Every structure is written in C-alpha cells, then in structure tokens.
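Open the model in a viewer and keep the selection panel at hand. The stops below are meant to be taken in order.

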Amino acid sequence: MKILVLNGSSRPNGTVVSLLKSVTESLPAGHDLEWIDVCKLNMKYCTTCMACREKEKCILPEDDAHIVGKKIQNADALVIGTPTRCLSRMLSHFLVNCSIN
C-alpha cells in the first residue's frame, strides 16, 4: 500500500510533525511510505489565468506541486497534517496548485 504523508508545518520538531510520526509509526510494516515537507517544495504561485479550466491541466511549467499532485493520484492513502490555528500558507498554496493537475 502506498501511503503519502504531507506535512504542512514548517516546524521540524513541532506538534504536527510529532503527530504525523505517531500515525506513521503505528502503521504495520510493509507499506510504501513517503513523507513530504510541503514547506520545502519549489512551487510557483497560481496566476489565476484560468486556462486550467479549459485544458483541465495547469499550463505553468512543471514544479514540485505538479509532481506531488501525481503522487497523490497514485497513492492508496493520504495523510495530511497542518497546524490547527490555520491551514499553513504553503499547504494551502500547494493544494490549489496540485488540484488542477
């Protein structure tokens, strides 16, 4: 089973990372687990050109959001962690960009 973990926190030793590690460490052995720190991704900002609506694909040059978006499509399970005070800026930006791929 392919499991993709998206860490939306920029704090490497924060609560979100601790909780995500707790979840992933409790999984049975044998799963293909990939951890992605969203704050480390190289992403371009959406230009709101709306070309994706017609083409059903983002027309911007491929960046990390496009690549991870494909990984999400191929994953069997997706685990997302983000601070509860707000959806992290980088995670929000990522979700907008990868949703149109």
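Buried means under 20% relative accessible area, exposed means over 50%, and partly exposed lies in between (1.4 Å probe, protein chains only). This is a predicted model, in which local features need pLDDT of at least 70 and side-chain atom pairs count only at pLDDT 80 or more, while totals for chains, interfaces and linings use all residues. Residues are numbered from 1 along each chain as its sequence is written, and side-chain values use heavy atoms, with hydrogens and water left out.

**Stop 1: positive phi**

Select Glu56. Glu56 is in the loop between α2 and α3; helices (H or I, at least four residues) and strands (E, at least two) are DSSP runs, numbered from the N terminus. Glu56 is not a glycine, yet its phi is positive, about 60°. With a relative accessible area of 67%, Glu56 is exposed.

Now select Met50, in the loop between β2 and α2 (51-55). Met50 also is not a glycine and has a positive phi, about 70°. Its relative accessible area is 46%, so Met50 is partly exposed. For background, most residues other than glycine have a negative phi.

**Stop 2: the core**

Which residues make up the largest nonpolar core? Select Leu4, Leu6, Ile36, Val38, Leu41, Met43, Ala65, Val68, Ala75, Leu91 and Phe94, 11 residues in total. At least two residues of this core come from each of β1 (2-7), α3 (64-74) and α4 (89-98). A nonpolar core here is a set of buried Ala, Val, Leu, Ile, Met, Phe, Trp, Tyr and Cys residues joined through side-chain atoms within 4.5 Å. In soluble globular proteins, nonpolar side chains tend to be buried together.

**Stop 3: salt bridges**

How many salt bridges does a search of the whole structure find? The search finds three, where a salt bridge is a side-chain nitrogen of Lys or Arg within 4 Å of a carboxyl oxygen of Asp or Glu.

- Select Lys71 and Glu34: their closest N and O atoms are 2.6 Å apart. This pair links distant parts of the chain, with Lys71 in helix α3 and Glu34 in strand β2 (residues 32-37), 37 residues apart. Lys71 is partly exposed at a relative accessible area of 32%, and Glu34 is partly exposed at 32%.
- Select Lys70 and Glu62: the side chains meet at 2.7 Å, N to O. Lys70 is partly exposed at 41% relative accessibility, whereas Glu62 is exposed at 51%.
- Select Asp37 and Lys40: the closest N and O atoms are 3.7 Å apart. Asp37 counts as partly exposed at 21% relative accessibility, whereas Lys40 counts as exposed at 66%.

**Stop 4: Ser9**

Select Ser9, in the loop between β1 and α1 (15-25). Is Ser9 buried or exposed? Its relative accessibility is 8%, so Ser9 counts as buried. The Ser9 side chain reaches the backbone nitrogen of Arg11 at 3.1 Å. Leaving aside neighbours within four places in sequence, Ser9 is in contact (heavy atoms within 4.5 Å) with Val16, Cys39, Gly81 and Pro83.

**Stop 5: a surface patch**

Finish by selecting Leu78, Ile80 and Leu95, which make a nonpolar surface patch of about 220 Å². Patches are made of residues with over 30% relative accessible area and no salt bridge, with like charges joined within 9 Å and nonpolar side chains (Val, Leu, Ile, Met, Phe, Trp, Tyr) within 5 Å. Accessible areas come from the Shrake-Rupley method with a 1.4 Å probe; for residues, only the protein chains shown count as cover. Leu78 is in strand β3 (residues 77-81) and counts as partly exposed at 38% relative accessibility.

Technical notes:
A polar contact is a pair of N or O atoms within 3.5 Å; within protein, one must be able to donate a hydrogen and the other to accept it, and residues adjacent in sequence count only if both atoms are side-chain atoms.
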